[in-house]
Amino acid sequence: MAPIINQIYANFLEKRINSAKTKTEFYDNYLPIKLQTLEEKLNRKIEIIRLKHKQKLLALEIPAGIESDYLKENYEAEIARLEEKFYWKQRVVKASAKRKGEEAATKLQELDKEKNIKASEIKNKYYPEVSTDAKSNYEINQPILIQSLNEKIDKLQDSHQEKVENFKNKTKKAVEKYQDINNNLSTKLHEITKDKVAKYSLEENVVLSLKSLSMHFGGLKAVDDLSFDVKEGEIFGLIGPNGAGKTTVFNCITRFYKPTYGDIYFKNIYGEVVYLNDKLVHNIIKEGIVRTFQNVEMVWELNVIDNLLVAAHTIYRSGFFGHLLNSRLLRQEEKVMRRKAMKILADLGISDYQYAYPYGLPYGILKKIELARTLMANPKLIILDEPAAGLNDAETADLAKVIKKIRDEYKATIFLVEHDMGLVMDICDTVCAISFGKKLAIGTPKEIQNSKVVQEAYLGGE
Amino acid sequence: MICRTEVCKDRKARIKQITNHPYFGFFIITFLMLIVQLLRAAGVPVSNTLVRAFGITMIYIIVALGFSILLGYAGLASLGTAGFVGIGTYILGYFTKNLEASVFIVILVSIVGAIVIGLIVGFISLRIEGMYLAIITLGLSEILNEVFKNAVSITNGTNGLGLDSQLILFKNLIFIDHNTIFIVTAIIMFFMMILTLNLIKSPTGRALLAMRNSTSAAQAMGVSILKYRLMAFIVSTVYAMLGGVIYMSYISFSIPTTWSLAFSLNILAAVIVGGSQSIYGIVLGTFMIFGLNLGVFQQFDFFKNNPAISVMFNGLLIILVIMFYPGGLIRLVTTTYYKLKKALAKLKTKWREYRYGSDN
């Protein structure tokens, strides 16, 4: 009994540790977003206070006859508005005269007179006769106004600083709290599991390992006794003629098929080796394996960013009721995720399409969006099913660059099936060739090119 | 008013922030629904039929909202709505009349019942899809209908269950007039709209859409088909049962013939006619299918004497909408809105040319 309970407890602890990790990550990501919004709010408030202050000052400046920039600006703007108004009035007069076949000259003269009167009125309004009283009044009040403005701005900035500090402290506390939890739980977990040797082990720098994998459909052996290792940080290509069972291998790894026999081991994002045969299809992504499909599978009703967010589905902490009530946590998470999605789109050079709907976008762009989508879930292993299918040469070259970039910048291992030999030989570090479910050869692209067995499989024997 | 100063522009931006808020439209709809009641309160003679039509339409909007989550987002067709709404009405009737339970307990019980039924149907939906699922839910609904007819001790059989407009809020029997329930219904509808919008704009809504597009892609992205199918069915059943509870408290009478296949089909028609993925579309569709008949046609003797005509009208409407506007009538509304805007802009330029003369 005891080992089973221990196992359950250990699983529970693992889950808690993982959630604590995602929480700390969330707080780290949310901090800059919050600070930015606070800053924007402050700047807007300060701007409006400055404007109000200028208007108050203007009321003092006008009778005192002090010429400031703001006064001049206002005066010129009002004159310009007057000009425009009378321009349109002139147009009306001219047009109606033209329609009726009359002369417009007298009416235009009247309009000019009216305009001059109004202009002089405006001038009087802005430059009235200077009185000494007003001047002294200005001299008394101007410094007071400026002082009050400064005080207000200082107050705002102080409260802003306070808010920022508060938020930073809050975040810090939360992060510390979760780190503490993490450490405590980790020690507990270690105590429980120290007696036990790790259940599964993989060689160092191996991410994925297939051990004599077989998949039989009735009498058809789609995959037969296939074993290979995928090393960390490499681009691994799986090639073979049509019907060799490449996609079946993919489907076995991602649990769409249950292999007839054979084992699949994977080192997940937390560095633990997991036995993939025990996992469910929709939990594979939590371990860090993301896949794409041969034909792009988009959610056509959603725009590109929302399509990316679908793949971040497992990272959200907010639950069903949080979604129903649009909780604060959800809104914060959405901000974090959107920023992440935008960053990924910018990295892949498709940020122009972020609000577009995928329907009708070029195929090359759709493929890139699908690649971007895999990155949303912090993957460790990206499985690409014929990424270059249906692309032209230029698009394929572009895709090769993007795949390399993903490998380098996002530290993900890439495992792809491809028919385009140019692409495979160009980007892959290791290539495995299979035929009728059996492994033919594995090695560097050069070795595969020169391998006689592979040539025979592709071109037929003599 | 034209804004020239920055302060004024700021104020205008704040007003726009409110009017552009997604909930603002729901508020306007609720207010429009309440206008009948307000007119009556102000002393304008509004016929009882019209007020009742608005009340019933609001209740059916709640039911249709739940159904749209199922059909428009999860992509699952169900014809069991009538049975679920019926259960809601009978739960309220039985609990108030025989057990003298408070309304809140009734709502709790109906939610629990909805979860149970949703789980059952959801598990069925895992194995069966499309048309076959619709037929199975239809069977379930028919079974429920037979139960309504024959469980006389609870449902009073084919005579129908009446409540004499009595409700128990906390402990005592309270006679609540229909006007109050009308207003409460409007408020509930408002909140249900908000909840629906929140749900469909959230990760859950996106997961449902992903599942509808391709189950395998959704699974690869971490969406558990089991969880979301069950969730969709439970949510839709809860909406339906809540609709039933409100129906019973507003109409105070429930008869099995109301909860037949025709009702399920009408809800389906309302969602499809309006637009299955738009909340405004559902409001519009429910009005076209239920509101027009109850509120407008019933005012004329001709339609009263020939009830089949309104059914024919519904049929014609469905044919036309599916032929010309597969996205629902809401598409027609939005396209005409933009066309009108364009035409207005054109008219404006023409008028300007006439008034101000050409630019040269």
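User: Before we start, what counts as a contact here?
Analyst: Two residues are in contact if their C-beta atoms, placed from the backbone, lie within 7 Å. This is a predicted model, where local features need pLDDT of at least 70, side-chain atom pairs count only at pLDDT 80 or more, and totals for chains, interfaces and linings use all residues. Residues are numbered from 1 along each chain as its sequence is written, with chains lettered from A and ligands numbered from 1 in the order in which they are written.

User: OK, how many residues does each chain put into the contact?
Analyst: Chain A puts in 35 residues and chain B 28 residues.

User: Which element of chain A gives the most to that side?
Analyst: That's α2(A), with six residues. Helices are DSSP runs of H or I, at least four residues, strands are runs of E, at least two, and both are numbered from the N terminus.

User: Switching topic: what's the strand order in the open sheet?
Analyst: Six strands of chain A go β6-β7-β8-β3-β9-β10, with mixed pairing. Pairing takes at least two DSSP bridges between two strands.

User: What about β4(A) and β5(A)?
Analyst: Those two are antiparallel, also over three bridges, and Phe266(A) has Val274(A) in β5(A) as its bridge partner. Their hairpin has five residues between the strands, and Gly271(A) takes a positive phi near 80° there.
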